[in-house]
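Subject: Structure handover

Hello,

Here is the structure I promised you. Please open it and keep it in view while you read my notes below.

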Amino acid sequence: MSITDYVVEGLKYPFNDIKKLLSFGVLFALFNLISLFISTTSLDILRAYSALESTGINVVNISQLPASLVNMVIGLIIIGFIVCLLIMGYEWKLLKFSIDKKDELPGIYNVIDLFVNGIRYFIVVVAYNMIPTIIFVVGAMLGNGSFGIHVILLSGLFYMISYFVLIMALNNMVAYDEIKKAFDLREIFANISNIGWIKYIGAIVFTFVVYLIICAALSFVLMFVTLIIAGFINNQAIVISAILAVISGLFVSSYIGIFYNRVFGSLYNKAIEN
């Protein structure tokens with residue numbers, strides 16, 4: 001199969017089981033709602049902070065801020081992180097099903113299994129992005145000068161390189177069910193070489209372009225949905241935002257997540273078959 005065939009198959013794959021697609025979407029919808037409430041609550045805390053500053057207090061301690069709001073943000077961040085790990089755990093299963101060439105979508109049954117695999121997935125993502133992030137922080141600390149900007153641009157290049165290697169690293173980890181396989185650079189580079197670096201990078205870029213087209217099309221649809229909802233709900237921005245967060249999670253984020261992982265799992269199969 002060609003890369004185009006993998007992408008076309010990936011576009012069709014989420015429709016193999018709408019119930020499982022929506023089950024995955026529930027996690028995204030929950031994460032979107034949590035993110036929305038964190039944002040709105042953080043704005044309330046910021047208003048409280050500004051009000052305290054306006055009274056002439058030079059240094060505002062966290063204890064002076066509304067405890068209920070602060071505790072709510074902390075609690076929501078923890079819950080959001082757990083949901084994020086569950087999403088990553090399901091993406092692990094998507095890669096596994098793709099590597100095993102299964103046509104059905106994985107189910108969301110064993111939450112503990114999702115959580116554990118999500119932690120391993122998260123650790124690998126953080127590890128591969130650590131060096132680019134350090135370079136970026138150094139560049140930001142250097143300020144707006146020419147050297148600082150160049151360092152930040154360099155971090156962007158490292159993020160890009162890290163991303164290309166990370167995709168194969170995650171697949172290698174899932175295929176062997178061992179986290180150490182995500183850092184077996186000799187095997188990872190050998191797999192990429194089996195495809196060919198230019199073809200491998202081209203496949204990822206092509207998949208990303210398709211992803212952007214899907215996002216643009218779905219954003220256009222969501223724009224009309226927003227207008228329709230706004231026609232029924234007047235002056236309720238938070239309600240409209242919450243409804244859109246749910247719709248986006250159920251249908252958009254879940255579809256794109258399944259599509260992405262299906263294509264990249266198939267790409268790994270191509271690497272190990274060569």
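Which helix gives the largest share of the lining of the largest pocket? Keep that in mind while we look at the pocket. One caution before that: this is a predicted model.

**The largest pocket**

The largest pocket holds about 520 Å³ of space. Its lining has 19 residues, and those closest to the centre are Glu91, Tyr121, Tyr163, Tyr260 and Asn261. Four helices, α3, α4, α5 and α8, each supply at least two lining residues. The helix you were asked to find is α8, with seven residues.

Helices α4 and α5 each give at least two of the lining residues. Nine of the lining residues are nonpolar and one is polar. None is charged.

The largest share comes from α4, with five residues.

Take isoleucine 112 as an example. It sits in helix α4. Is isoleucine 112 buried or exposed? Its relative accessibility is 60%, so it counts as exposed. The cut-off for exposed is over 50%.

**Two residues with positive phi**

Last, look at two loops. Lysine 101 is not a glycine, yet it has a positive phi of about 60°. Lysine 101 is in the loop between α3 (67-99) and α4 (111-141). Its relative accessibility is 53%, so lysine 101 counts as exposed.

Aspartate 177 is not a glycine either, and its phi is positive at about 55°. Find aspartate 177 in the loop between α5 (146-176) and α6 (185-195). How does its accessibility class come out? At 45% relative accessibility, aspartate 177 counts as partly exposed. That class runs between the 20% and 50% limits.

Best wishes

Key. Residues numbered from 1 in each chain as written. Predicted model: local features only at pLDDT ≥ 70, side-chain atom pairs only at ≥ 80, totals over all residues. Heavy atoms only, no water. Buried < 20%, exposed > 50% of the residue type's maximum accessible area, 1.4 Å probe, protein only. 1 Å grid on protein atoms, 1.4 Å probe; cavity = no way out; pocket = protein on both sides within 12 Å on 5 of 7 lines; lining within 4 Å. Points joined across faces, edges and corners; volume = space filled by probe spheres on them. Nonpolar A, V, L, I, M, F, W, Y, C, P; charged D, E, K, R; others polar.
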